[in-house]
Amino acid sequence: MRGVVMHAPGDVRVGERPDPVIEEPTDAIIRLSATCICGSDLWPYRGEDDGVHDMAMGHEYVGVVEETGSAVTTVKKGDFVIGSFWTSDNTCEICQAGYQSYCIHRTLMGTIGTQAEFARVPLADGTLVATHGMPDADLIPSFLAASDVLGTGWFAAVAAEAGPGKTVAVVGDGAVGLCGVLAAKQLGAERIIAFSRHADRQALARQFGATDIVETRGDEGAAAIKEMTNGYGAHSVIEAVGTQEAMMQAIASTRSGGHVGFVGVSHGVSIPGIMLFGTGVHVHGGAAPVRRFLPQLIDLIENHAIDPGKVFDLTLPLADAAKGYEAMDQRKAIKTLLTV
Ligand SMILES: [Zn+2]
């Protein structure tokens with residue numbers, strides 16, 4: 001089969017990879033309907049992760065089940081399915097508590113590589129969720145978004161305790177931050193402030209439910225949030241970048257006793273204890289347990305209540321994956337969908 005391989009930072013190519021086969025009775029093989037490039041794929045692309053060498057890429061996926069192992073009972077050949085970037089058994093105590101991304105039996109789909117024609121999904125029963133029938137083609141981008149960026153933005157909003165009467169600020173105007181705006185709106189937030197300097201991203205943030213835009217960042221950005229909230233700060237702040245500056249901006253924008261939900265993959269982030277002590281801010285996040293939210297997100301998408309597929313502003317065939325990486329690296333595209 002064809003699949004994307006990152007040979008070294010900045011060197012992405014589509015080549016032949018072995019067809020996946022059932023390795024465990026709990027596996028399923030899916031034929032990808034579409035796949036995509038994640039903001040987190042840019043970390044190795046930019047040489048900011050160690051040891052990148054001939055790495056199969058991709059961890060977001062939607063597709064049709066081709067084959068199942070003998071122990072799989074909840075999905076069958078022909079089902080259209082969505083899963084998360086961490087597989088999960090959905091039965092262990094961590095999964096039962098709603099933290100499937102930390103399942104004691106988890107596997108990272110990024111080590112399997114879903115920017116390809118086919119993928120093996122371990123722990124299929126606890127990982128994959130089938131839609132109600134074969135979806136129309138126009139819904140596929142939204143289902144694909146649910147596989148990661150929507151589920152991650154949703155978790156960030158939940159972790160930040162976004163809800164009715166709350167003011168929510170969102171640090172990061174990438175696909176996850178924008179989906180965080182959408183989630184905050186769905187969860188009933190009263191006021192949603194998006195930090196963004198890019199007109200196209202500001203426009204999408206407003207479509208997704210942002211009521212205000214702040215173009216400044218850092219301490220200046222946090223001061224703007226305080227000013228807009230009678231000096232208090234936001235109740236809930238989503239951090240969807242993963243840098244030190246973004247985390248400091250998120251905590252500084254939050255009122256005392258408020259909540260930060262952080263989902264940007266941390267790169268060199270260090271939080272001073274005295275900052276937490278001095279503000280009384282709750283900080284919760286990490287790898288989003290997307291599986292927890294998938295049934296609800298699938299319903300919202302099937303009912304056309306949300307359209308998170310709008311985050312894909314570039315569509316390319318799998319063969320042109322390198323162009324997709326380049327466009328996202330140069331911030332010419334928010335997110336690239338790859339047709340298979
Ligand atoms: Zn588990």
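Predicted model: local features only at pLDDT ≥ 70, side-chain atom pairs only at ≥ 80, totals over all residues.
1. S5 and strand S6 (residues 80–82) are joined by three bridges and pair in the antiparallel sense. S5 covers residues 62–68, and this strand also pairs with strand S3 (residues 28–37), again antiparallel, over six bridges. If you want a spot to look at there, find Leu-32, which stands opposite Gly-63 in S5.

2. Now for the open sheet. Three strands make it up, in the order S2-S1-S4, with antiparallel pairing. Strand S2 (11–16) and strand S4 (55–56) sit at the edges, each pairing on one side only. Between strand S1 (residues 2–8) and S2 there are six bridges, and the two run antiparallel. One place to check this by eye is Gly-3, with Gly-15 in S2 standing opposite.

3. What packs on this sheet? Helix H12 (residues 321–329) does, touching S1 and S2. The direction of H12 makes about 160° with that of S2.

4. On to a pair of helices. Helix H5 (residues 149–159) packs with helix H11 (residues 290–302) at an angle of about 105°, and their axes are 9 Å apart. Angles of 65 to 115 degrees count as roughly perpendicular, so that is how H5 and H11 lie to each other.

5. Which residues of H5 and H11 meet? From H5 come Leu-150, Gly-151, Thr-152, Trp-154 and Phe-155, and from H11 come Val-290, Phe-293, Leu-294 and Leu-297. Sorted by type, the residues of this contact are seven nonpolar and two polar, with no charged ones.

6. Finally, step back to the whole protein, which is divided into two parts: domain 1 (2–148 + 289–339) and domain 2 (154–285). Note that domain 1 is written as two stretches, 2–148 and 289–339. The centres of domain 1 and domain 2, taken over C-alpha atoms, are separated by 26 Å.

7. How many residues does each domain bring to the contact? Domain 1 gives 14 residues and domain 2 gives 14 residues. On the side of domain 1 that touches domain 2, nine residues are nonpolar, two are polar and three are charged.

Methods
Residues numbered from 1 in each chain as written. Axes fitted to C-alpha atoms, helices over the stretch in contact; angles between N-to-C directions. Helix = DSSP H or I, 4+ residues; strand = E, 2+ residues; numbered from the N terminus. Parallel < 35°, antiparallel > 145°, perpendicular 65-115°, else oblique. Contact = placed C-beta atoms within 7 Å. Nonpolar A, V, L, I, M, F, W, Y, C, P; charged D, E, K, R; others polar. Pairing = 2+ DSSP bridges. Domains from an automatic or database assignment.
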